[in-house]
Amino acid sequence: MHLILKYFHELSALQQSQFKALEALYCEWNAKINVISRKDMDHFYEHHVLHSLAIAKTIRFRPGTKILDFGTGGGFPGIPLAILFPDCQFKLIDGTGKKIKVCKAVAEAIGLTNCKFEHLRGEDESGLYDFVVSRAVMPLPNLLRCVSKNISKKQKNSKPNGVICLKGGNLENEIKPFRRIAQTDDIHFFFEEEWFKEKYVIYVPV
């Protein structure tokens, strides 16, 4: 939890309590339904919560922004972002029903009211959103083909609507088709921990 406060100083008491409650909840659920690797649970706040919040270092979503978390898995990056941006609306979808079950239970336990959840393949999502976020779900060209239909034309943020995803490793070939428009931010520039080396936030306007 100290890692979150290290980089996000202006959290309300409610936000702090919500972030603090996450580890115990995920430990409890992970014992029943494996949504996070056992190894990663030892670094829960660094590898999952803070990693998700790297998106917030590249854009501050304005109140009323609608965000789709595509392939949320255990709720990342959607749940940490929903805590940080309580005036925005989030929808978290995943093709695996048991993962959505965990997301719902965690959100209910911490009183998170700005999230909706659905067991749904991304191809079948029909809603419109200002941004689609994801964490290493699929190669960027495939993701863009899948979610372009879900990007609203109405703009309300400092950046044009589009896709924001968390990626790692050598991304040269993946980003090549979008290099003229894509923005790549090195997460290690925001967070000094060694684990964030060669991890990036990729933004592509749509």
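The following paragraphs describe the sheet of this predicted model, then the helices beside it and the nonpolar cores. Residues are numbered from 1 along each chain as its sequence is written. In this predicted model, local features need pLDDT of at least 70 and side-chain atom pairs count only at pLDDT 80 or more, while totals for chains, interfaces and linings use all residues; side-chain values use heavy atoms, with hydrogens and water left out.

Helices (H or I, at least four residues) and strands (E, at least two) are DSSP runs, numbered from the N terminus. Two strands pair if DSSP finds at least two bridges between them. Seven strands form an open sheet with mixed pairing, in the order β3-β2-β1-β4-β5-β7-β6. Its edge strands, each pairing on one side only, are β3 (115-119) and β6 (183-186). From one strand to the next, the twist averages 20°, where axes are lines fitted to C-alpha atoms, for helices over the stretch in contact, and angles run from 0 to 180 degrees between N-to-C directions.

Strand β4 (residues 131-135) has four of its five residues buried, so it is largely enclosed by the rest of the structure; buried means under 20% relative accessible area, exposed over 50%, and partly exposed in between (1.4 Å probe, protein chains only). β4 pairs in the parallel sense with β1 (residues 66-70) over three bridges, and Val132 is the bridge partner of Leu68. Five bridges join β4 to β5 (residues 162-168), again in parallel, with Ser134 opposite Cys165. By contrast, β6 and β7 are antiparallel, with four bridges.

Helix α7 (residues 140-147) lies across β1, β4, β5 and β7, running at about 155° to β5. Its buried residues are Leu140, Leu143, Leu144, Cys146 and Val147. Seen down the axis of α7, these fall within an arc of 165°, so they line one face of the helix; the arc is that of the directions from the helix axis to the C-beta atoms.

A nonpolar core is a set of buried Ala, Val, Leu, Ile, Met, Phe, Trp, Tyr and Cys residues joined through side-chain atoms within 4.5 Å. The largest has 55 residues, and Leu22 and Tyr26 have the most contacts inside it. Helix α6 (residues 97-109) provides the largest share of this core, six residues. A second, separate core of 21 residues includes Ile93, Val147, Ile151 and Val204. Finally, in helix α4 (residues 44-53), 10 of the 10 residues are buried, so α4 is largely enclosed by the rest of the structure.

Technical notes: Contact = heavy atoms within 4.5 Å.
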